[in-house]
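Here are my notes on one helix and the aromatic residues around it. Please read them with the model open.

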Amino acid sequence: MKLKQLEGLLGNLDQFSAPKIELEQYPTGPHIASRMLYTAENSFEDVSDKVVADFGCGCGTLGIAAALLGADHVIGFDVDADSLEIAYLNAEDLELDVNFVQSDIRNLQCRGKIIDTVVMNPPFGTRNKGVDMDFLSVALKVASQAVYSLHKTTTREYVKKTALREYNAKSAEVLCELRYDVPKLYKFHKKKEVDIAVDLWRFVPTPTVESDV
Amino acid sequence: MRLLTHNMLSSTIKGVSNGFPLTIEAAKVVEKQVDMNSDFLKNIFSKIEWKPFVEAAKTLGFSELPEEDVQPSLLDSHEFLTKFHHALLEIHLEEGALVCPETGRKFPVNKGIPNMLLLEDEV
């Protein structure tokens, strides 16, 4: 599938009808989502024929992108039932077989490193401090191959240091810097649209000898 | 929800030492056909906890998987691959519950989505 085609399909997905600020729900735009998954597939072969998990999937954009690019099994995890309902319908509209699980990522355990790749656009942790790093910590525990994630560019050094030293990542690399358009979704937003710089990261987890339950 | 998802989920309630595997209560099961990818099946085979997988498939009404002596050599058999594929990826738990093996706490499954959220005193 071509990049433009992928972006087009993702652009048609339904997004949050009533986003919840406490969960920092911002839609992952089709531009960023398509580039993220396209890079994962075409530069690193981390998507097709793989098990891919989407952490904090919201309306399912990243997971659906993975399914469109040939992932064999996709699981979207989110804490919010309303988002999962939209995600479920988005996948169904495209006739994609995607599993969804309602769960708090911070309490999640996934046995046996069955998941190859985690893709995520975590809450940036502006409202709920540290939640983005909690997501990353769990992602690096459950993935066997790679973790793709978006983090604010202002946190670059911190993310790198924490991933390598505390979460035992084998490597942590910024693939590119992107502009994340945050549309005016919430009342506290004064400007019509804000553009923030985010890094697209690729982390490689350290392989474990024995899988734990 | 596919049985592949079931094979990796566990109960993480505070105090539970082994929350895997979750027992299945099935109220509605659906089947959705997907193309078979032999390479994918061969790769994932060694990561599957076989006994819980066979039990789960039985609960959902599919009892054609071998229970014992499951060797990787089976993967050369097209017949085995077809059954493995079907049980792993085509049978879905649509309505029902997943039950914590230690506490009996039920995690409801609606529209194929298990609700694994924990209550405050379970974290």
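Is W50(B) buried or exposed?

1. W50(B) counts as buried, because its relative accessibility is 11% and the cut-off for buried is under 20%. Keep in mind that this is a predicted model.

2. F53(B) is buried too, with a relative accessible area of 0%. W50(B) and F53(B) both sit in helix α3 of chain B, 3 residues apart, or about one helical turn. In an α-helix, residues three or four places apart point the same way, because a turn takes 3.6 residues.

3. Across all chains the structure has 12 aromatic pairs. One of them joins F45(B) and F80(B): the ring centres are 6.1 Å apart and the planes stand at 85 degrees, so the pair is edge-to-face. F45(B) belongs to the loop between α2 and α3 of chain B, and F80(B) to helix α4 of chain B, so the pair ties together parts 35 residues apart in sequence. F45(B) and F80(B) are both buried.

4. W50(B) and F53(B) also pair edge-to-face, at 5.2 Å centre to centre with 65 degrees between the planes. A single aromatic cluster takes in F45(B), W50(B), F53(B), F80(B) and F84(B).

5. Helix α4 of chain B spans residues 78-90, and its buried residues include F80(B), L81(B), F84(B) and L88(B). The buried residues of α4(B) pack against β2 (73-78) of chain A. In chain B, their partners are α1, β1, α2, α3 and β2.

6. What caps the N-terminal end of α4(B)? S77(B) does: one of its side-chain oxygens lies 3.3 Å from the backbone nitrogen of E79(B).

Terms used:
Residues are numbered from 1 along each chain as its sequence is written. Chains are lettered from A and ligands numbered from 1 in the order in which they are written. This is a predicted model: local features need pLDDT of at least 70, side-chain atom pairs count only at pLDDT 80 or more; totals for chains, interfaces and linings use all residues. Side-chain values use heavy atoms; hydrogens and water are left out. Buried means under 20% relative accessible area, exposed over 50%, partly exposed in between (1.4 Å probe, protein chains only). Helices (H or I, at least four residues) and strands (E, at least two) are DSSP runs, numbered from the N terminus. Contact means heavy atoms within 4.5 Å. A polar contact is a pair of N or O atoms within 3.5 Å; within protein, one must be able to donate a hydrogen and the other to accept it, and residues adjacent in sequence count only if both atoms are side-chain atoms. Rings of Phe, Tyr and Trp (its six-membered ring) pair if their centres lie within 6.5 Å; planes under 30 degrees apart count as stacked, over 60 as edge-to-face and the rest as tilted.
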